[in-house]
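Open the structure in your viewer and keep the selection panel at hand.

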Amino acid sequence: MRKEERYDRILAYFREQMPNVNTELEFGSIFQLLVAVVLSAQCTDKRINQVTPELFRHYPDARSMAMAEPEDILDYIRSVSYPNAKASHLVEMARTLVEKHNGEVPSDMNALLDLPGVGRKTANVIQSVAFGKSALAVDTHVYRVAHRLGLVDKYDNTPYKVEQKLIKYIPEKDIPDAHHWLLLHGRYVCTSRKPHCEKCGLEDICPKLIEGSKLG
């Protein structure tokens, strides 16, 4: 099967199965989305949704969080992964937003990447979810599923290379949804340790045996 045919088949399946998708993180503003995404690194969305309501009740925006100290934020996020580092990043990020962007989250990629604690994956999520741009964030789920389904090749061995290959073949209008399609498929069906192949409508074209498919 040619690469273009594989993409057409897989994208058609996701369009039918998941016509309306969005992040599972809960937030009330772009700033709160940014905080939630930063917190979600190497942590589940379910856990983040458990801690952010109280965090946002005390620090709903960049200006209020900028006035806090890392130990203040730490009290609310102790149960997430790497809480000390994330608490510091959030305070530094909020202060940078106030100092350089009048407390608002910028839509520009370079401006987002300049924020403390914000990497390319986080910036792409903000661009896509908050600003509707055709950006595709590659997390561990997207990376794994893209390889398993044969959407990328074995030499696409970094998140950036996977991102570039995916946006090359995915139509621009589908790119924001494609992140969620691949992520949710990896979270609930094509799971890391034991994929639920019996639940997958793509099993007939899954390249399980090809080198580099990463299907263990």
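A cavity here is a set of points, on a 1 Å grid over the protein atoms alone, where a 1.4 Å probe fits but cannot get out; lining residues have an atom within 4 Å of a point. Grid points are joined across faces, edges and corners, and a volume is the space filled by probe spheres set on the points. By these terms the structure holds three cavities of 30 Å³ or more. The model is predicted, and totals for linings use all residues, while local features need pLDDT of at least 70 and side-chain atom pairs pLDDT 80 or more. Residues are numbered from 1 along each chain as its sequence is written, and side-chain values use heavy atoms, without hydrogens and water.

Select H185, C190, C197, C200 and C206 first. Among the 13 residues that line the largest cavity, these lie nearest its centre. The space inside is about 80 Å³. Its lining has nine nonpolar, two polar and two charged residues (nonpolar: Ala, Val, Leu, Ile, Met, Phe, Trp, Tyr, Cys and Pro; charged: Asp, Glu, Lys and Arg; polar: the others, Gly among them).

Next, select I10, L11, F14, L151, I170, A178, W181 and L182, which line the second largest cavity. Helices α1 and α11 (175-188) each give two or more residues to this lining. About 40 Å³ of space lies within, and the lining residues comprise eight nonpolar, no polar and no charged.

Finally, go to E4 in helix α1 (residues 3-17); helices are DSSP runs of H or I, at least four residues, numbered from the N terminus. The C-alpha atom of E4 is 9.2 Å from that of I170, 166 residues apart along the chain. E4 counts as partly exposed because its relative accessibility is 35%, between the limits for buried (under 20%) and exposed (over 50%), with a 1.4 Å probe and protein chains only.

Notes. On a 1 Å grid over the protein atoms alone, a cavity is a set of points where a 1.4 Å probe fits but cannot get out, and a pocket is an open set with protein on both sides within 12 Å along at least five of seven lines; lining residues have an atom within 4 Å of a point.
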